[in-house]
Amino acid sequence: MKITKVISYQNSWINLQQNHKEELNDILQTIPDFFNIYNNRDKNKFTPPRQIWNDKLSDKGWSINNEPFYSDYGQRIFFGNLGPIKNHISAYITFGHSDFLNRWLFQQTVFAAKYQISEIPILIVPVEEFSRRMDDRSALRLTLEMCFRQIQVITPLTHPYPFLILGFNDQEDLFEPEIIELEIDPSIDDKNIVIDRSIEFPSEYYQAGLNILNYFGTYLREQYPDEDAKVKIEQNGKIVRLIIETIDGEKEIIEKALEEYQLVVSGQKLPAEITSNQKLILELNSELRIAKYRIETQQDIIQVQKGQIENLFSIISNGLTAKPTINIEVSPIINLSQTNINHDISSALSSLNEFKELLPNISPEYTEIQELETSLFEIEKEQNPEVVKKSSAMQKFKKIFESFEEGKSEISKAVKSVEGGIDLIRSLAGKYNKIAEWCGLPQVPSIFTK
């Protein structure tokens, strides 16, 4: 097993070779060890590939942080897709859906830099030639070549942070790996970029979502008139990028404005709660109404289903929070008094993230799981069973299993298409039943938890 192709950004491959030889050697040694265990595992006992990878690197001194972490604004930050970490190098191996790259690149690598977790985030995937020979359909979901095709259409990149994508093959090769060094957009001054967001919208949400993002420039000028900032929107297919530059490169006010805007879009706050500017309050309310109207007028064309207006705001909210605020040290606080139920909720959130890797991020089912995550975040620290019982999170949670039981949803198809998928849904059902029993709700059928 050998690395045969590399996608590098901001000279990350050279940096890794020159300054992190130990970590590179650990990765190179762990890849064949991982596949040796993966290929010879007990097929009757499901072990997530992520767990195998984490365990092998843990044996080499890499750290794994499974505890929930919250920003100063109370936003739950998920670091799981960075993988184990050693000396500011993180490495994650995935057989995830082809859409996973967008999430990893524009969310996880940003978390790595903003929270000073990883100097070089590394994603490890098979090359296409190898994935075609693997006896595992999930390996066909994301390959290095797929990654390159997705990234190539948006190069030169305005992305401000380094990253590496390593492609492995089981064929011995006498030659050095093929290195693809991605080009940086010369028109962008990295020092002045303070915001760089990427959101992929389903077709039915595209125009309404684009307009809401466009309005952020107006909000910034009205709310913070002394801030000299340039707001730029880039469109590439269904992907919309929001780029904000300032003359002095100061981030704090821009980040604060984006946090406020996200709270309004997500429905967590009313416009009047974040500003006293009456003109801005009226305009914000108007923009939200227009967004709803744009979706409602498309019903005859795209057959908008119940709840999709809320889904749009959830997509934008999650996209805007993909890059948290700066200057926050990574020092997660573990609450030793946390109950087992809170631990089960946290564990369920990690499992849901694995489900997201199986689904395209423009599917209604992906949005459904994302909404469930958001709802579970709200009760993750809750100690009152009545509050949990009456929460929308538990209703949405149970709906996942009802959808799976019907057998026609993308969730059901994705779970059944990959090895271990059934075990994953059963594991998640077991966590649901523990929470349901604690708060007095009916449990899902035992067929899910066998």
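**Buried residues and helix packing**

At 2% relative accessibility, Tyr205 counts as buried (under 20% relative accessible area with a 1.4 Å probe and protein chains only; over 50% is exposed, and in between is partly exposed). This is a predicted model, in which local features need pLDDT of at least 70 and side-chain atom pairs count only at pLDDT 80 or more, while totals for chains, interfaces and linings use all residues. Residues are numbered from 1 along each chain as its sequence is written, and side-chain values use heavy atoms, leaving out hydrogens and water.

Tyr205 sits in the loop between strand S9 (193–200) and helix H7 (206–223); helices (H or I, at least four residues) and strands (E, at least two) are DSSP runs numbered from the N terminus. Its C-alpha atom is 8.8 Å from that of Ala291, although the two residues are 86 apart along the chain.

H7 packs against helix H8 (residues 252–265) at an angle of about 125°, and their axes are 10 Å apart. Axes here are lines fitted to C-alpha atoms, for helices over the stretch in contact, and angles run from 0 to 180 degrees between N-to-C directions. H7 is therefore oblique to H8 (under 35 degrees is roughly parallel, over 145 roughly antiparallel, 65 to 115 roughly perpendicular, and the rest oblique). On the H7 side, the contact (heavy atoms within 4.5 Å) involves Ile212, Tyr215, Phe216, Tyr219, Leu220 and Gln223, which meet Ile254, Ala257, Leu258, Glu260, Tyr261 and Val265 of H8.

From H2, the residues in contact are Asp26, Ile27, Thr30, Ile31, Asp33, Phe34, Ile37 and Tyr38; from H3, they are Pro49, Ile52, Trp53, Lys56 and Leu57.

Ile27 and Trp53 also belong to the largest nonpolar core, which has 27 residues. Such a core is a set of buried Ala, Val, Leu, Ile, Met, Phe, Trp, Tyr and Cys residues joined through side-chain atoms within 4.5 Å. Ile27, Phe35, Trp53, Ile122, Ile124, Leu166 and Phe168 have the most contacts inside this core. Two or more residues each come from elements including strand S1 (2–9), helix H2 (21–39), helix H3 (49–58) and strand S6 (120–126). H2 gives the largest share, six residues. Beyond its neighbours within four places in sequence, Ile27 is in contact with Trp53, Trp62, Ala91, Ile122, Ile124 and Leu166. Another core, of 26 residues, lies apart from this one, and Ile369, Ala393, Ile400 and Tyr432 are among its members.
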